[in-house]
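Notebook open, structure loaded. I jot things down in the order I looked them up.

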Amino acid sequence: MSTIDADAGRISGADNPRPTWRERLVRISPILILAPSLAASFIYVFVFTIWTLYISLSNSSLLPSYGFVGLDNYASLWSNRRWNIAYSNLFLFSAFYIVGAMAIGLALAILIDQKVRGEAIWRTIFLYPLAVSFIVTGTVWSWLYNPTDGIQMLVRGLGWTDFNFALASDRNTAIYAIIITGIWQSSGFAMALFLAGLRSVDPDLVKAAQIDGASTFRTYRRVILPVIAPIFLAVAVVQIQFAIKTFDLVAALTRGGPGISTTFPAIYVYDLMFQRGQIGEGAAAAIMMLAALAVVLVPYSFFIVWRHRRESRHG
Amino acid sequence: MSSLTIRNLRKSFGSVEVLKGINIEARTGEFIALVGPSGCGKSTLLAMIAGLESVTSGEIRIGDRLVNSVAPKDRDIAMVFQSYALYPTMTVRENITFGMESRGVPKPQRDEAVKRVAALLQIEPLLARKPGQLSGGQRQRVAMGRALVRDPKLFLFDEPLSNLDAKLRVDMRTEIKKLHHRVGKTTVYVTHDQVEAMTLASRIAVMHQGEVQQFDEPQTVYDRPANMFVAGFMGSPAMNFIPATLTTDAEGRPAVSLKVGDGAVLALAEGAVPGTTGRDVILGVRPEHIFRYSPELKASKKSLATVEAPVEMVEPTGAETIGLMRFGDLEVTGRFDPDEAPRMGETITLGIDMSHACLFDPTTRKLL
């Protein structure tokens, strides 16, 4: 009897066997796969951010050095006229660029949503600028804006010899040249997101509004656009961070000129760090850009979490 | 006085004809159900009545007015959608008043109307909520409130109960019926559920492949289906179809001889002899007209035919027991009282109430 019991014990023990190496591999493979990118993100995002923060508080010039100088770099940054121009340019650019691109993108999306013929072609045309890099966009538009061989020259060649179009060459209007180019580049992106949103709206809502006697304009304003409100926010956030990071578009289009009129924070950081050898102050400027991004993105992520919680609460 | 007249209505999408000459007329206050399997064109027909789909040919009249090319908002209709189509960013109150607001009805009048409808549907406590915070049944009520508040000539319902769970569906069905009695508006109700159509409608239009197969009162549609499609679609479990030949029984009465199994001869009810001996027919018998034979049953039914068959399968549902009997190559379904339910493997003697049986032509599939 006892031998049978022992056997039974061994057999019941087999119900809960030790995991095979294969099962263990399955269990740890997500960690293995994610580990390199997690490590890289950690080093490149957090370590370097903290390092930059430290440098911005140090007396670094051409090379990093670690003499602590407190907020001296920030004070010198904010007393610099060029930095102040850069920061106010950023606000001006962001406001016009975001509002402009969203307005044009929404208008295009609504027009395409009216079941136009050749929809795919229009969509591709409007989305195409996004496929062109900022450098190429900037270069091409700098030719268009150039008074001696761009649009001005073309129209004058057609006979209007008094025609003036020198947006990018005037220090007061050059920023608008950048805004227009930025809008041209991104309104297709806004259109794509808005169109996806419009297409996701339950067509029965539109029919119900039709029966309720609402005009097309009223249907959009009261029914459809409120439904896709989250998309407005998403588009705005994506574009704000584009705007804050603006570098290549300006570098290719005006190189910060004429004079210093179109300097942007990113241009300024690049200039300080790699042209003038003032790493400390450059790092301070970079931290200010990070702060600007955080002002936008931190509330946004809180909002997303809040909305997610609220939705899961209401099922 | 008819409040909806549809004459020879056709609809094509490209070369595909989805509606092939529909004729329906609804008298004022009537509840018409459009019923049929998916793809039969019933929802398209409703959308055309609403003005959400264009008319290819034929005419739609609401009241006396031809509305073929009238915009939905000017047709004096209200519609309840399958998805309810409540405006998600508006409160219940705003949902209900949006139509009046769009038509420029002044605010005191709107408030008055909301109060009336909310009381009727018992949704007063929900008025400040948004649709996302409502349960399925509550959304359904709000959707009906939005339709009711308008006081239109015609109510259109597009499968309004199909998104509810089974229990709630039955409750809401009763509620819609009560509501219709109270409001008394002409209603067109699309459904794929034949029970809904039977319980709600004053007349049913059974649709299939873009045609109205039968348009009649529910009991007539059920008892005397115009063809085999209607017979098979209305009723669950479906009517049994048994191929047979006209003949006379031993006593010289008209009868049918079954072409399956052992060729039993079933005497027909009086006055139901469509043709001469030898003609092929299809005998249609509803499951509830098949019983376990007993002398008492014989005494209680006027024209009872008997036949023996082995029992293949028994499905008790509680209130009744469904039995599957083998007739040669065919399976015949019967609904039995649980007390006299067949047992598996038993050879049962069945009594078939022939006064309710239908005969169909095997080629045209129409009722004889």
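What do S4(B) and S5(B) form, and which residue in the turn has a positive phi? I found a hairpin with two residues between the strands, and B:Gly63 in the turn has a positive phi of about 65°.

Ground rules before I go on. This is a predicted model, where local features need pLDDT of at least 70 and side-chain atom pairs count only at pLDDT 80 or more, while totals for chains, interfaces and linings use all residues. Residues are numbered from 1 along each chain as its sequence is written, and chains are lettered from A and ligands numbered from 1 in the order in which they are written.

I checked the pairing: S4 (residues 57-62) and S5 (residues 65-66) of chain B run antiparallel over two bridges. Pairing here takes at least two DSSP bridges between the strands. B:Ile62 stands opposite B:Arg65 in S5(B). For the labels, helices (H or I, at least four residues) and strands (E, at least two) are DSSP runs numbered from the N terminus.

**Confidence.** Chain B averages a pLDDT of 89, and 98% of the residues score at least 70. (pLDDT is the predictor's confidence in each residue, from 0 to 100.)

**Chain B overall.** I counted nine helices and 20 strands in chain B. Its C-alpha atoms fill a box of roughly 80 × 45 × 35 Å along the principal axes. Of the 368 residues of chain B, 40% count as buried, buried being 20 or more other C-beta atoms within 10 Å of a residue's own, exposed 12 or fewer, and partly exposed in between, with C-beta atoms placed from the backbone. Taking contacts in chain B between residues at least 6 apart in sequence, 64% join residues at least 24 apart; a contact means backbone-placed C-beta atoms within 7 Å.

**Domains.** Chain B splits into domain 1 (2-233) and domain 2 (240-360), with bounds from an automatic or database domain assignment. I get 39 Å between the two domain centres, over C-alpha atoms. Five residues of domain 1 and six of domain 2 make the contact. The domain 1 side has three nonpolar, no polar and two charged residues. (Ala, Val, Leu, Ile, Met, Phe, Trp, Tyr, Cys and Pro count as nonpolar, Asp, Glu, Lys and Arg as charged, and the others, Gly among them, as polar.)

**Chain A against chain B.** I see 15 residues of chain A in contact with 19 residues of chain B. On the chain A side, H9 (203-211) and H10 (216-227) each supply at least two residues, and H9(A) gives the largest share, six residues. By class, that side has seven nonpolar, three polar and five charged residues.

**Core.** Which residues touch the most other members of the largest nonpolar core? B:Ile32, B:Leu34, B:Leu156 and B:Val188 do, out of 163 residues. A nonpolar core is a set of buried Ala, Val, Leu, Ile, Met, Phe, Trp, Tyr and Cys residues joined through C-beta atoms within 7 Å. Helix H4 (residues 81-112) of chain A gives the most to this core, 13 residues.

**A:Leu130.** I found A:Leu130 in helix H5 (residues 119-131) of chain A. A:Leu130 counts as partly exposed because it has 16 C-beta neighbours inside 10 Å.

Notes:
Two residues are in contact if their C-beta atoms, placed from the backbone, lie within 7 Å.
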